[in-house]
Amino acid sequence: MLTLERYKMILDILSERDAASVTELAVMIGTSESTIRRDLIALDKEGRLRKVYGGATAINHTQGASEDEVTVRDVMMSQEKELIAEYAAGLINHDDFIYIDSGTTTSRLIDHIGNTNATFVTNGIIHAQKLLSKGLKAYMIGGKIKAVTASVVGAEGIRNLGKFNFTKSFLGTNGIDITAGFTTPDSEEALMKAKAIEKSFAVFVLADHSKFRKVYPVSFAELKMCCIVTDQLPYGGFSDKTIIREVTT
């Protein structure tokens with residue numbers, strides 16, 4: 001097999017899986033581990049992948065600042081979001097005082113909340129409607145409305161959020177990266193999330209596996225500051241940085 005053919009196969013595998021070990025790549029491509037190690041060194045020097053101990057990870061370049069409408073994002077990774085949301089709902093205790101961030105996975109979380117004496121605060125317009133329809137005790141953060149995400153953001157929203165002290169917060173994110181941490185395209189969204197983390201005893205970021213190794217323009221927290229609930233445990237050292245709870249069927 002030609003070297004360039006191996007390079008392409010390695011990069012194709014990483015584009016699908018985000019990360020792979022030397023052993024896995026050798027088996028999948030049908031060559032020796034020593035050959036794979038040399039290939040990884042060469043591709044790392046070219047900036048086409050990131051070589052890590054025992055294997056390699058894909059390089060995901062910074063994403064743009066644009067966001068899909070909430071109705072578009074809601075149908076993406078639907079099954080994975082349901083699994084994550086159901087698990088997260090089980091973390092709610094009767095005496096909790098909870099913040100629920102805007103987002104499609106956090107919205108599904110509300111669908112799985114049963115009868116509880118917990119109190120909820122949210123900046124999501126759809127979230128507030130769902131909480132109301134379920135007869136749950138809830139408060140809506142006031143402030144500037146962001147139409148794309150159907151959420152409240154801005155200085156007034158941050159001031160309102162700062163008045164509370166939460167036992168738990170459930171947040172969404174656009175990207176998760178080892179270096180950049182949790183990221184989002186919008187600075188106002190980032191400030192709201194950062195304030196919620198500051199005012200919470202425990203923070204859970206609900207994110208399907210497609211969010212890993214993506215970087216958006218604005219970071220709102222380091223990985224160590226939040227527990228991640230996801231459907232697929234990522235490769236590449238994420239578990240060394242924070243607690244990750246993998247939810248499977």
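Helices (H or I, at least four residues) and strands (E, at least two) are DSSP runs, numbered from the N terminus. The structure described here is a predicted model, in which local features need pLDDT of at least 70, side-chain atom pairs count only at pLDDT 80 or more, and totals for chains, interfaces and linings use all residues. Residues are numbered from 1 along each chain as its sequence is written, and side-chain values use heavy atoms, with hydrogens and water left out.

Two packed helices are described by the angle between their axes and the distance between the axes. Axes are lines fitted to C-alpha atoms, for helices over the stretch in contact, and angles run from 0 to 180 degrees between N-to-C directions.

Helix H1 (residues 3-17) packs against helix H2 (residues 22-29) at an angle of about 120°, the axes being 11 Å apart. The two are therefore oblique to each other; angles under 35 degrees count as roughly parallel, over 145 as roughly antiparallel, 65 to 115 as roughly perpendicular and the rest as oblique. In the contact (heavy atoms within 4.5 Å), Arg 6, Met 9, Ile 10, Ile 13 and Arg 17 of H1 meet Glu 24, Leu 25, Met 28 and Ile 29 of H2. These residues comprise 6 nonpolar, no polar and 3 charged, where Ala, Val, Leu, Ile, Met, Phe, Trp, Tyr, Cys and Pro count as nonpolar, Asp, Glu, Lys and Arg as charged, and the others, Gly among them, as polar.

H2 also packs against helix H3 (residues 33-45): their axes come within 9 Å and cross at roughly 110°. That angle makes H2 roughly perpendicular to H3. From H2, Val 22, Thr 23, Leu 25, Ala 26 and Ile 29 meet Glu 33, Ile 36, Arg 37 and Leu 40 of H3. By class, this contact has 6 nonpolar, 1 polar and 2 charged residues.

The contact involves Ser 78, Lys 81, Glu 82, Ile 84, Ala 85, Ala 88 and Ala 89 of H5, together with Thr 104, Thr 105, Arg 108 and Leu 109 of H6. It contains 5 nonpolar, 3 polar and 3 charged residues.
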